[in-house]
Amino acid sequence: MINQSDKTSNREIINLANQPYKYGFRTNIEGDTIKKGLTEDVIRIISKKKDEPDFLLKFRLKAFEKWKKMKCPEWSQLNFPEINFQDVIYYSAPKQTEQLKNINEVDPQLLNVFEKLGIPLTEQKRLTNVAVDAVFDSVSVATTFQKELQQYGVIFCPISEAIRKHSDLIKKYLGTVVPIGDNYFSALNSAVFTDGSFCYIPKNTKCPLELSTYFRINEQKSGQFERTLIIAEENSQVSYLEGCTAPMYDENQLHAAIVEIIALKNAKIKYSTVQNWYSGNKKGKGGVYNFVTKRGLCAGHNSKISWTQVETGSGITWKYPSCVLVGDNSQGEFYSVSLTNNYQQTDTGSKMIHIGKNTRSQIISKGISMGNSKNTYRGFININNKALGARNYSQCDSLLIGNSSNANTFPYIFVQNSTAKVEHEASASTIDEEQIFYLLQRCFSLEKAIAIIVTGFCSEVYEKLPSEFSVEADFLLNLKLEGSIG
Amino acid sequence: MSSNIPILEIKKLQACVNDTEILKNLSLKINKGEIHAIMGPNGSGKSTFSKIIAGHPAYKISNGDILFNGKSILNLEPEERSYLGIFLAFQYPVEIPGVTNLNFLEQAYSSKLKAIKEKELDSFKILEYISKKAQSIDMSETFLYRNLNEGFSGGEKKRNEILQMVVLDPEIAILDETDSGLDIDALQTISKGINTFMNDKKAIVLITHYQRLLDYIKPTFVHVMRNGKIIKTGDFSLAQKLELKGYEWLEEV
């Protein structure tokens, strides 16, 4: 008896292999690395190495005091062994003897690393419409188009440089959106952060370029604690993109960043992330712990902050890009695609805090779980008693591929006034056999069939990404899907 | 190539789903240049027949064989059958949310070119090719930018199946009730598309309930299927007779 279904059902969408991680190479670059462990002295060393003003050292030490009294939170749907914070290196930088005057002085080997990652930095090769800040382990190695941006009054530089050169802005805004004691990891970051990007868009200015930061962890034992601060003054606009990769190591690397963004009256900030940290091997060994606090403050009337994220990497992802909608008529948005495979775990979503009148927020979250992974959406909508006429719409869709993956949705909704409108929709689905058969009949291979269904599933979110990155994001996702079908 | 090998030959085919036998000893030979109409009451196994040819995994073949240009295709996956040039226009085309018709057609056509080792075209050439095909069956270009079958009316879905057929240009097309639910104008458009597609190197199987479609597309043979086998074969006049008398007068052989 010939069974027509035998071969096809054997090809059931089981998780056999992961596409090899393309960015998993390690670079041997002579480093200036301090010994591992976290003490007050270490913080003083970091601050000194960065030649920081006194107020910042105080900020760090205060955060460290808070952190010591806090405990690692345990409420997430994540399983990981206790992190030994004394086993982490808190400062690691490629060695350079003196302050660089221009990009040509950057170690060519470092430039090669970024070129290999598709981020050429030299003037001849750099991307023409995007200004890039390249961060390697603990420090920013180069920022392109800085001069050109200055003509518009836009400041785009490593945050360590901003701390020295624009300390008034740093004093005014650092830690105002994410206070140092906000949570365990934000306290840690505030104590030990080493670099990150700083963007300042002056009044009435539309930033002429996309701003982008590319994070690369190289050192095996080093944690990356970057700090990003974006300020958009009245009537200004900016679009910012963040990309991340790391080499493949058996041990987990810790990444605990803070992103604070502030939109004043009528300002619009769009923040997009394509996160592709190393996610561990097929058995779940290794991979980056990505524990990040991202929060935006819509301080002014009519301001708008929009988070878009495509998350495919990291062993564990734990983050909730949020908006605090203080200004009347302000708007917050969160669009997310999160794909997990093998033993990856994510607990992600968004928080929308409505304080001003007629504030609006929208959440669209698409989770795809494959293999033995665990994909959790957690959302928090809080409508304050003064937020009259506030509205929220949340939509969470989960797509399960295979039989061993896991998807959860935890929406928390608190409404304190009767004029608010809050909607929440959620769906969970698997890939329909009839859809697959239809596509196979139309000359699609099984892999391509699944890829196009997943692309379609995510299309609402892709549309929100800057166009050149939506192609990239889709490509990245398809890479992840390849080889995931038995 | 000897032209006497049929495009599709079904030999004493028995098939079941779960443990229910659906096709019982079905035989059929389809040559190049022929149009075969398969009629029959509901539940006689017509749709199952079409899905089995296309390789749907839910059905088990317990006996018999299916030959395409003389070679058995029983062990081929659905996509391998589609590469060979077997096309099925679905009775109920599925929706793929978020995927534009154009993106879908581009990928389908590229995969086909790749599979048959033809030179692949760049996306401009493909767009040009697809637009021309859409025009040839009076489909407006706006169709291409809508999501695949999402929110399409019944008639639009059926027309979209015909568009996919002319884009993929198969050797044999099995059209499963493509005429159901169409108004007269749409029926004429679709028939025009099918007639333009047809030539002496291809073959078509029309599964239908109505003689109406056969007024526009002249079948070489008309078969009546009942309880999983073909119980009568004739020419166009058989369809006319069925329209008048129904199926009851036919005795099972």
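Two residues are in contact here if their C-beta atoms, placed from the backbone, lie within 7 Å. Keep that in mind for the views below, which all come from a predicted model.

**Figure 1. Helix 2 of chain A meets helix 3 of chain A.** From helix 2, the residues to look for are Glu40(A), Ile43(A), Arg44(A) and Ser47(A); their partners in helix 3 of chain A are Leu56(A), Leu57(A), Arg60(A), Leu61(A) and Phe64(A). Sorted by class, the residues of this contact are five nonpolar, one polar and three charged. Helix 2 covers residues 40-49 of chain A and helix 3 covers residues 54-69, and their axes come within 10 Å, crossing at roughly 155 degrees. Angles over 145 degrees count as roughly antiparallel, and that makes helix 2 of chain A roughly antiparallel to helix 3 of chain A. The crossing of these two helices is right-handed.

**Figure 2. Helix 4 of chain B crosses helix 5 of chain B.** Here the axes come within 9 Å and cross at roughly 130 degrees. The two helices are therefore oblique to each other, and helix 4 of chain B passes helix 5 of chain B in a right-handed crossing. On the helix 4 side you will find Ile130(B), Lys133(B), Ala134(B) and Ser136(B), and on the helix 5 side Leu163(B), Val166(B) and Val167(B). This contact has five nonpolar, one polar and one charged residues.

**Figure 3. Chain B touches chain A.** At this interface, 30 residues of chain B are in contact with 26 residues of chain A. Four elements of chain B each supply at least two residues of the side that touches chain A: strand 4 (60-68), helix 2 (78-84), helix 3 (101-115) and helix 5 (154-168). Helix 3 of chain B gives the largest share of that side, six residues. By class, the side of chain B that touches chain A has 18 nonpolar, eight polar and four charged residues.

**Figure 4. Chain B is built from eight helices and ten strands.** The radius of gyration of chain B is 18 Å, close to the 18 Å given by the globule rule for 253 residues, so chain B is as compact as a globular protein of that length. Its C-alpha trace spans about 55 × 40 × 40 Å along the principal axes. Of the 253 residues of chain B, 44% count as buried. Among the contacts in chain B with a separation of 6 or more, 71% are between residues 24 or more positions apart.

Note on methods. Residues numbered from 1 in each chain as written. Chains lettered and ligands numbered in written order. Predicted model: local features only at pLDDT ≥ 70, side-chain atom pairs only at ≥ 80, totals over all residues. Nonpolar A, V, L, I, M, F, W, Y, C, P; charged D, E, K, R; others polar. Axes fitted to C-alpha atoms, helices over the stretch in contact; angles between N-to-C directions. Parallel < 35°, antiparallel > 145°, perpendicular 65-115°, else oblique. Left-handed = near helix turned anticlockwise from the far one by under 90°. Rg over C-alpha atoms; globule rule 2.2 N^0.38 Å. Buried ≥ 20, exposed ≤ 12 C-beta atoms within 10 Å, placed from the backbone.
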